[in-house]
Amino acid sequence: ILNRHLSRGGIFTKPNLLLILNPQSCDPTILPSKNRCTIDNRVTRVAWLNRSTILYAGNDKWCLDPRVVLLSNTQTQYSIEIQNVDVYDEGPYTCSVQTDNHPKTSRVHLIVQVSPKIVEISSDISINEGNNISLTCIATGRPEPTVTWRHISPKAVGFVSEDEYLEIQGITREQSGDYECSASNDVAAPVVRRVKVTVNYPPYISEAKGTGVPVGQKGTLQCEASAVPSAEFQWYKDDKRLVEGKKGVKVENRPFLSKLIFFNVSEHDYGNYTCVASNKLGHTNASITLFELNEPTSSTLLQEVKTTALTPWKGPGAVSEVNNGTSRRAGCIWLLPLLVLHLLLKF
């Protein structure tokens with residue numbers, strides 16, 4: 001009966017517990033329901049006991065616990081209150097009445113519910129790819145909470161463990177990220193804590209493409225690498241390392257990307273370059289080519305203009321020599337500004 005009353009009354013951590021005695025039936029009840037009872041003049045003595053310890057006898061307090069107080073002792077009700085209920089208050093409580101020299105007693109068992117609490121959890125961990133890990137999450141509460149582990153990742157689905165312990169064999173880089181431990185027992189909202197798992201792995205160059213650049217123009221070679229910890233980049237040409245500060249060349253490094261920038265490409269700059277990405281777990285490299293991209297000269301462009309202007313236009317309107325001549329003149333007039341603009345930009 002007490003369990004049902006506790007559930008309806010919502011007794012959680014450290015509530016006030018009100019025990020009411022019905023002297024006629026000797027039936028204890030748990031508030032918050034306001035129960036009242038009537039007694040007759042046959043009732044001579046009343047008392048509350050916890051196990052074998054007398055809490056109250058009539059109006060007299062026998063226990064030293066200040067949390068136990070007498071609420072009422074009237075002809076209609078006899079009640080005590082236990083304030084700030086603790087798990088140590090759990091156990092049997094006995095009400096006793098004396099009627100016509102015949103004692104009557106009844107017992108009620110108090111069950112204290114405690115919301116879940118995570119008391120121990122693994123620290124954030126950094127581990128090399130391929131190794132094994134074990135995560136721990138210890139929780140307390142009444143009733144005993146259910147503990148689950150979940151990987152917080154867009155690719156993760158559902159729970160990865162429904163236990164206090166999470167074991168991962170041969171961990172991969174895709175299994176890095178946050179792992180969430182949840183403890184719940186339906187007494188209060190679940191308690192959640194997270195552990196960050198960092199998986200270290202050697203560099204892997206994901207992008208390295210050659211680039212064509214005309215002489216005298218700006219050119220850039222890019223090398224992109226994935227690694228944990230982040231990779232350190234180095235550039236080589238013909239087994240000779242390129243250092244920052246070389247005239248006309250700049251190395252620009254970011255955590256996952258390195259750029260080799262040429263501000264004014266010369267014939268000497270063309271060739272094969274090697275990008276080396278490394279961290280404490282290893283290194284890798286890729287060959288990238290900077291090749292010459294021929295730019296149209298002014299004479300080539302002029303020849304293209306002449307060819308275009310002298311080529312007969314054979315379209316729906318090409319029906320006479322007059323029309324053909326007009327089309328040629330129009331083509332020359334339209335291409336002349338383009339030629340002038342190109343010469344200005346060249347010189």
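A disulfide here is a pair of cysteine sulfur atoms within 2.5 Å, and by that rule the count comes to two disulfides. Before we look at them, note that this is a predicted model, in which local features need pLDDT of at least 70 and side-chain atom pairs count only at pLDDT 80 or more, while totals for chains, interfaces and linings use all residues. Residues are numbered from 1 along each chain as its sequence is written, and side-chain values use heavy atoms, with hydrogens and water left out.

Let's start with Cys137 and Cys181, whose sulfur atoms sit 1.9 Å apart in a disulfide. The torsion about their S-S bond is about -75°, so this disulfide is left-handed. It links distant parts of the chain: Cys137 belongs to strand E12 (residues 133-142) and Cys181 to strand E15 (residues 177-184), 44 residues apart. Strand labels like these come from DSSP runs numbered from the N terminus, where helices (H or I) need at least four residues and strands (E) at least two. Are these two cysteines buried or exposed? Both Cys137 and Cys181 are buried, and buried means under 20% relative accessible area, with exposed over 50% and partly exposed in between (1.4 Å probe, protein chains only).

On to the other link, where Cys223 is joined to Cys275 with an S to S distance of 2.1 Å. With -85° about the S-S bond, the link of Cys223 and Cys275 is left-handed. This pair, too, links distant parts of the chain, with Cys223 in strand E18 (residues 219-228) and Cys275 in strand E23 (residues 271-279), 52 residues apart. Cys223 has a relative accessible area of 0%, so it counts as buried, and Cys275 is buried because its value is also 0%. Counting bonded cysteines along the chain, the disulfides follow the pattern 1-2, 3-4.

Cys63 counts as buried because its relative accessibility is 12%, and Cys95 counts as buried at 0%.

What is the strand order in the open sheet of three strands? The order is E10-E12-E14, with antiparallel pairing; two strands pair if DSSP finds at least two bridges between them. Strands E10 (114-121) and E14 (165-168) stand at the edges with a single partner strand each, so one side of each has no neighbour in the sheet. On average, neighbouring strands of this sheet are turned by 20° against each other, direction ignored. For that angle, axes are lines fitted to C-alpha atoms (for helices, over the stretch in contact), and angles run from 0 to 180 degrees between N-to-C directions.

Zooming in on the strand pairs, E10 and E12 run antiparallel and are joined by five bridges. Ile121 stands opposite Cys137 in E12, and Ile118 stands opposite Ala139 in E12. E12 and E14 are also antiparallel, with four bridges between them. There, Thr136 has Tyr165 in E14 as its bridge partner.

Last stop: the rings. Rings of Phe, Tyr and Trp (its six-membered ring) pair if their centres lie within 6.5 Å; planes under 30 degrees apart count as stacked, over 60 as edge-to-face and the rest as tilted. That rule gives one aromatic pair. Phe262 and Tyr273 make it, edge-to-face, at 5.5 Å centre to centre with 65° between the planes. Phe262 lies in strand E22 (residues 257-262) and Tyr273 in strand E23, so the pair ties together parts 11 residues apart in sequence.
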